[in-house]
Amino acid sequence: MFGFQSRASNADDPDVPGATRELVVDKMANNLWNMTQLAESPNAGQGADCAKGPSARFAVTKLHERTFAGYERWLEHTKFDDLSPRGAPPTLGSTHVNHANDDRVLINNTRLCQIVLFEMIYVEAANCRLLPEMLSFTYHVAACSVVAPSPTNGGAALALSMNAELSVPGSPGGNTGGGLPEGDFVESVVIPFHGAITESMTLTKRLHARVGYDDINEFFWDKVSMQKMLRSEPTFHGAASAYARYRHFLRTSSAVKHRDGRLAAVFQK
């Protein structure tokens, strides 16, 4: 989903030990096992015994709380609401905002999918990890574009395609979140933000007037400012998902030649 990288996408580079998907799988396996070994974990066990029952549910819940502590603070401060398409089933994002949906989803699977999505974004963010508020916003729009696992969809997370219709196997978008190729997340989200910082720091401005990481983070504390990034409409049939609009805004602004129209111009000192 969203064009995250796998080992196969870097097969020609012998120095790449693994890519996003493999790194996240390893990290989550270690972290979940560590949660089962906490003193408060019920029925702490070894090996396969850690992957089922109360111990597994405890591990997922505990890791979910730790992973999203910062995001939940950001959500509470900005009062950001659900960005899921109108009429869509509960999404990974809506279950953060509206817990009334909890009985309609497989809550343990949903929490696992939420952690995976957040870790995927974090791993690929590179230097943009210094922009935690931007990552929270990026996660929010992405999570609101993925249908949460539920009994009605076979317990799988399904990406809302770029025009907000459900992706299904065999469709042009498949289950890739709109048919985005591997590497698209870095190209469409990470590189534009990195480019905006680089542009600001290399302009002929006095140092105190240059926009840095803290200034961009402040932008993502203001709900009205962030909503400007969701007004860009891709030329698709039907309503576009929040992530599709966000991605379109970043790609469009990074391609503008005039300085005042580029992404760097959005952020102020």
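The protein chain has 10 helices and 2 strands (DSSP runs numbered from the N terminus: helices are H or I with at least four residues, strands are E with at least two). This is a predicted model, in which local features need pLDDT of at least 70 and side-chain atom pairs count only at pLDDT 80 or more, while totals for chains, interfaces and linings use all residues. Residues are numbered from 1 along each chain as its sequence is written, and side-chain values use heavy atoms, with hydrogens and water left out.

**Overall build**

- From the N terminus, the elements run α-α-α-α-α-α-β-β-α-α-α-α.
- The protein chain has 269 residues, and 46% of them count as buried. Buried means under 20% relative accessible area, exposed means over 50%, and partly exposed lies in between (1.4 Å probe, protein chains only).
- Take the contacts between residues at least 6 apart in sequence: 62% of these join residues at least 24 apart. A contact means heavy atoms within 4.5 Å.
- The accessible surface of the protein chain is about 13,500 Å², and carbon and sulfur atoms hold 54% of that area. The areas come from the Shrake-Rupley method with a 1.4 Å probe; for residues, only the protein chains shown count as cover.

**Salt bridges**

- The structure has 8 salt bridges. The term means a side-chain nitrogen of Lys or Arg within 4 Å of a carboxyl oxygen of Asp or Glu.
- Glu-182 and Arg-21 form one of them, at 3.5 Å from N to O. Glu-182 sits in the loop between strand S2 (158-159) and helix H7 (184-202), and Arg-21 sits in helix H1 (residues 20-36), so this pair ties together parts 161 residues apart in sequence.
- Glu-182 is partly exposed at 36% relative accessibility. Arg-21 is also partly exposed, at 35%.
- Glu-40 pairs with Lys-62 in a salt bridge, with the closest N and O atoms 3.6 Å apart. Glu-40 lies in the loop between H1 and helix H2 (53-67), and Lys-62 lies in helix H2; the two are 22 residues apart and link distant parts of the chain.
- Glu-40 is partly exposed, with 46% relative accessibility. Lys-62 is partly exposed as well, with 22%.
- Arg-251 bridges to Asp-184, where the closest N and O atoms are 3.7 Å apart. This pair links helix H10 (residues 242-255), which holds Arg-251, to helix H7, which holds Asp-184; the residues are 67 apart.
- Arg-251 counts as partly exposed at 31% relative accessibility, whereas Asp-184 counts as buried at 3%.
- Asp-184, Glu-187, Arg-247 and Arg-251 belong to one network, joined by salt bridges that share partners.

**The cavity**

- There is 1 cavity of 30 Å³ or more. A cavity is a set of points, on a 1 Å grid over the protein atoms alone, where a 1.4 Å probe fits but cannot get out; lining residues have an atom within 4 Å of a point.
- The largest cavity has a volume of about 30 Å³. Grid points are joined across faces, edges and corners, and the volume is the space filled by probe spheres set on the points.
- Its lining consists of Ile-121, Ala-125, Cys-128, Met-134, Leu-135, Thr-138, Phe-185, Val-189 and Val-190.
- Helix H5 (107-125), helix H6 (132-143) and H7 each give at least two residues to this lining.
- The lining has 8 nonpolar residues, 1 polar residue and no charged ones. Ala, Val, Leu, Ile, Met, Phe, Trp, Tyr, Cys and Pro count as nonpolar; Asp, Glu, Lys and Arg count as charged; the others, Gly among them, count as polar.

**Loop residues to look at**

- Most residues other than glycine have a negative phi.
- Lys-79 has a positive phi, near 60 degrees, and is not a glycine. Lys-79 is in the loop between helix H3 (69-78) and helix H4 (94-97). At 52% relative accessibility, Lys-79 is exposed.
- Ala-126 also has a positive phi, about 55 degrees, without being a glycine. Ala-126 is in the loop between H5 and H6. Its relative accessibility of 43% makes Ala-126 partly exposed.
- Gln-37 is in the loop between H1 and H2. Gln-37 is partly exposed at 29% relative accessibility.
- Gln-37 and Ala-59 are 22 residues apart in sequence, with 8.9 Å from C-alpha to C-alpha.

Terms used: 1 Å grid on protein atoms, 1.4 Å probe; cavity = no way out; pocket = protein on both sides within 12 Å on 5 of 7 lines; lining within 4 Å.
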